[in-house]
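Trainee: Could you walk me through a close look at one part of this model? I'd like to see how two of its pieces pack, and then one residue elsewhere.

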Amino acid sequence: MALCHSLAASLPSGMATSLTFAGATGTVTGSNFLMEHDGHRLLVDCGLYQGERHWRRMNWRAPAYDPSSIDDIVLTHAHLDHSGRIPAMTRDGFAGPVWCTEGTKRLGALVLRDSAHLQEAQAESARVGGWSKHDPPLPLYRAADAEQAIQRFRAIDFNRPQTLASGAVLTFSRAGHILGSACALGEFGGGPVLFSGDVGRATHPLLLPRESPPPARTVVIESTYGDRTHRPAEQPHARMADTIRETIARGGSVLIPAFAIDRTELVLRALSELTRDGLIPEVPVWVDSPMALAAWDIYRDADLRHELRADLPPRVVDNLDLRTAHSATESARLNNPSEPCIIVSASGMATGGRVVHHLQSMLPDPRHAVVLAGYQGVGTRGRSLADGATELKMFGRYVPVRAAVTMDDEFSVHADRDDLLTWLRELPTPPEQVFVVHGEDDSRRALADAIRQELGWIAIVPRLGEKVRVD
Ligand SMILES: [Zn+2]
């Protein structure tokens, strides 16, 4: 896919610095941006596409650049839609460093190992089921590729400029989205470019808040919630609390699909506070996701403690009757809980993982309930449930949805429209141009309109493969 070669010809050569939008245009996944200067090349984020099939297919297309020609990868945070393609890059010839923060380095290793495991498992089940176009079915990459990628991670501190292999200077600032998340300022001698990565809300329940952005001539901003405003909650997580109370009272159990990274931590913190305040009964809380348990350990690691809020109690969820399901057998037992309980399991949009087995056995029983903890992407099982599906397909069969389904949208760790505009207003000087990425097109256009109208700045909704000058 030679997306940018024809455009490349139209740029003056020499010391120009260019930026190519190689992903995350038109959708909230697949983050990938290429900066080029005088023969040097760096990528900011290198994520997988997720969600609907036509986007996931993009993961199989060759990138618009030769992986061996890239000097550095800068990784804003560990989420798969920002990091998930790096193992394919190292397998295909990328041999440079992957720059990130310490938190991202630790969480990123978890995410890439899990991703490679899933890719291999899917290829194997396609082989057994005989439903792949490839013969034999291939994983996008393998566990060994993920290990190679992890070896390339280089952790640097926030707010300490670092000269990269490409000669660019990189500075991270806190984004307040998940542990380790950063905004990345990249500069090839002139015209600094600021990549927002994913921006957190004004406060995060566990992490230090995001920092004000540094000055930049060009800004590339995410727009996941560019057309929405989160409503402030009078009583935090009231809908989830109501659902839990009612479900436990009728002898049922509550299933909470949650992302293993960050979201499980937030769900546990919310359950801990609701229990402390007597708003939900004390029942066993199962964490059924090996990855979530590993991520929870990283959040609590003493080395990263300084990234957490200073006002957190030392042991955040000690008042919960917390139980952990490590083995597949322990997990299978939770499909038919013997007593009312709460099960927190991944993945967060029920696209895979142990939670799908729980849904299959719990959805047909009207005693149970499912609480969806945050944004559910188009084309996912979570989105179907949120939209009121009466049947849901799992493992090739439809099951009836008789369990109660509640949406708790207070778990978002993404800035909304107002948060994003506030973040932009905090720039010390107005940028010359703002590019709006990492959102559905409606969302990107809405945020670009708001930037033009409220800030009077140039705001562009770039298309896939578009190349611009940023020097
Ligand atoms: Zn993210």
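Mentor: Start with helix H7 (residues 238–249) and helix H8 (residues 263–276), which pack at about 70 degrees with their axes 11 Å apart. Axes are lines fitted to C-alpha atoms over the stretch in contact, and angles run from 0 to 180 degrees between N-to-C directions. So H7 is roughly perpendicular to H8 (65 to 115 degrees). The crossing of H7 past H8 is right-handed (near helix turned clockwise from the far one by less than a right angle). H7 brings Met240, Ala241 and Ile244 to the contact, and H8 brings Ala270, Leu271 and Leu274 (contact: heavy atoms within 4.5 Å). Sort those residues and you get 6 nonpolar, no polar and no charged (Ala, Leu, Ile and Met are among those counted as nonpolar).

By the way, this is a predicted model: local features need pLDDT of at least 70, side-chain atom pairs pLDDT 80 or more, while totals for chains, interfaces and linings use all residues. Numbering runs from 1 along each chain as its sequence is written, and side-chain values use heavy atoms, leaving out hydrogens and water.

Now hop over to histidine 438, in the loop between strand E20 (433–437) and helix H14 (441–455); helices (H or I, at least four residues) and strands (E, at least two) are DSSP runs numbered from the N terminus. Because its relative accessibility is 2%, histidine 438 counts as buried (under 20%, with a 1.4 Å probe and protein chains only). A polar atom of its side chain lies 2.8 Å from the backbone oxygen of valine 28. Leaving aside neighbours within four places in sequence, histidine 438 also touches other residues, including Asp81, Asp198, Glu222 and Arg444.

Note on methods. Buried < 20%, exposed > 50% of the residue type's maximum accessible area, 1.4 Å probe, protein only. Polar contact = N/O pair within 3.5 Å; in protein donor to acceptor, adjacent residues only side chain to side chain. Parallel < 35°, antiparallel > 145°, perpendicular 65-115°, else oblique.
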